[in-house]
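Reader: Hey, could you walk me through this one? I'd like the overall picture and then some details.

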Amino acid sequence: MSIQRVSSYGSSPSSSWIHDVFISFRGEDTRKNFTDHLYTALTWKGINVFKDDIELEIGKPISSELLNAIEKSRISIVVFSRNYVSSTWCLDELVKIVECKNSLGQMVIPIFYDVDPLVELEQMGYFEEAFCNQEEAFRDNLQQVQKWRSALMEVINLSGWDSKDRHESEFIRAIVEEVSSKLGGSTSTFMNLKKLLVSCLDQLQAQAQTMRIQWGRSVISSSPFFFFKFFSRRYPMTCSETSPKARYSLFPLFDFQGRSSLM
């Protein structure tokens, strides 16, 4: 069951979005389990997700590319795990996420994986222990530690999801449904697919006219498998070759018989 607290959801200008979702997580805790499963479920839903798979060296600053990815995402999902606060990289991501939430209206969804959000709110759990270590390591820059702490408290006070006593598959499914509803069907993957499909149709029609090949409904009707192969190479996570019906459900511009609604 999700944790019900005051949340702040907004919307940034759609022209600035590159990703639907940015996932902030601690690699050593969830990279090969929960976060990987969540990423897969989101992408199968047609949601464009940015998940950094590079382990940053200790002491190396967060990259400008990563900060830009956060800024260009409509939603940030923060997977709080036991060692999240031990990573200054994660904490820097969190500060940027809060900045984007407050200045751009970015939606933020906290997930508490194997940590108790109520204990962490009372500053008595894993996060407080990690902050004590951060204060020792950054005793000459306690202002930075306070900045991290403030960002953490702001996000864990938002409405979020607690994994306690939940089956992981059902838990992830519920999160994906919430994200999908927040996006309202306007995922960047869908919009890019639609634009690419229309562009492809225009180019094929121009080539057909140049070659004096008659372009009619019969050609369109016979070509859905061409389009499926074309797009599956570009969107491998959103296409399935095992179900013809699933193929067409991915392309709303075609009905099940392969006829184009553009014609």
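Author: Accessible areas here come from the Shrake-Rupley method with a 1.4 Å probe, and for residues only the protein chains shown count as cover. On that basis the chain exposes about 14000 Å², with carbon and sulfur atoms supplying 52% of it. This is a predicted model: local features need pLDDT of at least 70, side-chain atom pairs count only at pLDDT 80 or more, and totals for chains, interfaces and linings use all residues. Residues are numbered from 1 along each chain as its sequence is written, and side-chain values use heavy atoms, leaving out hydrogens and water.

Reader: OK, how many helices and strands does the chain have?

Author: There are 12 helices and 6 strands, taken as DSSP runs (H or I, at least four residues; E, at least two) numbered from the N terminus.

Reader: Switching to Ser 163, is that buried or exposed?

Author: Ser 163 is buried, at 14% relative accessible area (buried means under 20%, exposed over 50%, partly exposed in between, with a 1.4 Å probe and protein chains only). Ser 163 sits in the loop between strand S6 (160-162) and helix H8 (168-183).

Reader: And what is Ser 163 in contact with, leaving aside neighbours within four places in sequence?

Author: Phe 112, Tyr 113, Asp 114 and Phe 171, where contact means heavy atoms within 4.5 Å. Tyr 113 is 50 residues away along the chain, yet the two C-alpha atoms are separated by 5.4 Å.

Reader: Nice. What share of the chain's residues count as buried?

Author: 46% of the 263 residues.
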